[in-house]
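Subject: Handover of a structure and the findings from it

Dear colleague,

Please find below the structure that I am handing over to you. The findings follow directly after it, grouped by region.

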Amino acid sequence: MQYTRFLFVISAVMIVVAGITFSGCTTPTPPTPTPPQQDLLIATTTSLYDTGLLDHLGGIFGPEYNANLRVTAKGTGQALELGQNGDVDVVMVHDRVREDTFLQNGYGVDRRVFAFNYFIIVGPPSDPANTRNMTATQAFDTIYKKAQTNPKVVFVSRGDASGTHAREQFLWKNAGYNYSAIQVSGPWYVESGTGMGATLLIAEEKNAYTLSDVGTFLAYKGNLSLVPLVDQGDELLNVYSAMIVNPAKFPDTKVQLSKDWINWLISSKGQDLIANYGVSTYGQPLFHPALGKWELLGVSQAETQDPIP
């Protein structure tokens, strides 16, 4: 009986030792490697960048999709040129006419409208041209006429082929003026040749009028004494779109990541983030979501809500 018990104990010890030895010799399963982060190259208008919106959205999208947004902020004209050269994956701008040309010429595909806000005419609180509460066209006409005799009336233009600059030219045309003549009509008209934030600061220095999108104005408001003077009317509607650079022309375009980004922007999550951006800081949103607003924006319903397949 004692001999049998001894054999049992020896056998148990051998099993335990064998188990320890076996487990010690087992090669652990290596962890699944994390795929490398992809860079999404975006050319955008300065207003989306100066307001901080793209940094905010990118900080949420990036970790979800293992992506890094590399943003180049230019005026709309220069942003479209980057797309035409195949230097970026996505273009985000706000000039419908030039967007149409970009698409028609085969440089872009899959446009989606993701946000809007309004342009405003801002100027010194004294409003030396007396433009307050006019329409934008009336205000431009008045600024020009008053500037001919009143040296305190100065207008600062973006002068950079941006979407804002294009809207300014549209308003001069509506007011009955040839823009080329406006450009050389006197020292009252100043071209900054730079982005919206910098243009607002120049207008501040000169105590001048300028045309701005409301989002950038709110973002810079703490550094300005300028006030909104004209902010109503359909001619001030400012619509933002995103387009993928055509992979048929530029095979290096990151098509799937570009689709993911744009589809995320027009998703309910992306639209909610846009709707709430700036509210806690400025008491109002800097941009409005496009979802459900296709008739107001004058675009197709599909552009505001249908994911890119």
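The buried residues of helix 4 are covered by several elements, including strand 1 (38–45), strand 2 (67–74), strand 3 (90–93), helix 5 (96–104), helix 7 (163–174) and strand 9 (237–245). Please note that this is a predicted model. Helix 4 itself spans residues 76–84, and its buried residues are Thr76, Gly77, Ala79, Leu80, Leu82 and Gly83. After this helix comes glycine 86, which has a positive phi, near 70°.

Overall composition

The protein chain comprises 15 helices and ten strands. It has 309 residues, of which 46% count as buried. When contacts between residues at least 6 apart in sequence are considered, 74% of them join residues at least 24 apart. The chain exposes about 15,100 Å², and carbon and sulfur atoms account for 54% of that area.

Nonpolar cores

The largest nonpolar core contains 43 residues, and those touching the most other members are Leu48, Leu57, Val90, Met92, Phe114, Trp261 and Phe287. Helix 11 (residues 255–266) provides the largest share of this core, with six residues. Domain 1 (38–117 + 237–305) and domain 2 (118–235) each contribute at least three residues to this core. A separate core of 23 residues lies apart from it, and its members include Ala139, Ile143, Tyr209 and Leu229.

Which residues does tryptophan 261 touch, not counting those up to four places away in sequence? They are Leu40, Ile42, Leu54, Leu57, Phe61, Leu69, Val90 and Met92.

The largest pocket

The volume of the largest pocket is about 450 Å³. It is lined by 22 residues, and His94, Asp95, Arg96, Val97 and Arg167 are the closest to its centre. Helix 5, helix 7 and strand 9 are the elements that supply two or more residues to this lining. Helix 7 gives the largest share, five residues.

Histidine 165 and glycine 159

Histidine 165 also belongs to helix 7. Because its relative accessibility is 7%, histidine 165 counts as buried. Setting aside neighbours within four places in sequence, histidine 165 is in contact with Ser157, Arg158, Gly159, Asp160, Tyr179 and Glu191.

Glycine 159 and glutamate 191 are 32 residues apart along the chain, while their C-alpha atoms are separated by 4.9 Å.

Backbone in the loop between strand 4 and helix 6

Two residues here deserve a remark on their backbone angles. Most residues other than glycine have a negative phi. Aspartate 127, although not a glycine, has a positive phi of about 45°. Aspartate 127 is located in the loop between strand 4 (108–123) and helix 6 (136–147). Is aspartate 127 buried or exposed? Aspartate 127 counts as buried, because its relative accessibility is 4%. Asparagine 130 is found in the loop between strand 4 and helix 6 as well. Its phi is also positive, near 55°, in a residue other than glycine.

Threonine 253 is placed in the loop between strand 9 and helix 11. With a relative accessible area of 8%, threonine 253 is buried. Neighbours within four places in sequence aside, threonine 253 is in contact with Asp89, Ile244, Val245, Asn246, Pro247 and Ser258. Along the chain, threonine 253 and aspartate 87 are 166 residues apart, and their C-alpha atoms are separated by 8.8 Å.

Aspartate 272 lies in helix 12 (residues 268–276). Its relative accessible area is 48%, so aspartate 272 is partly exposed. From C-alpha to C-alpha, aspartate 272 and proline 289 are 7.4 Å apart in space, and they are 17 residues apart in sequence.

With kind regards

Conventions
Residues numbered from 1 in each chain as written. Predicted model: local features only at pLDDT ≥ 70, side-chain atom pairs only at ≥ 80, totals over all residues. Heavy atoms only, no water. Buried < 20%, exposed > 50% of the residue type's maximum accessible area, 1.4 Å probe, protein only. Helix = DSSP H or I, 4+ residues; strand = E, 2+ residues; numbered from the N terminus. Contact = heavy atoms within 4.5 Å. Core = buried A, V, L, I, M, F, W, Y, C linked by side-chain atoms within 4.5 Å. Domains from an automatic or database assignment. Areas by Shrake-Rupley, 256 points an atom, 1.4 Å probe, with all protein chains shown as cover. 1 Å grid on protein atoms, 1.4 Å probe; cavity = no way out; pocket = protein on both sides within 12 Å on 5 of 7 lines; lining within 4 Å. Points joined across faces, edges and corners; volume = space filled by probe spheres on them.
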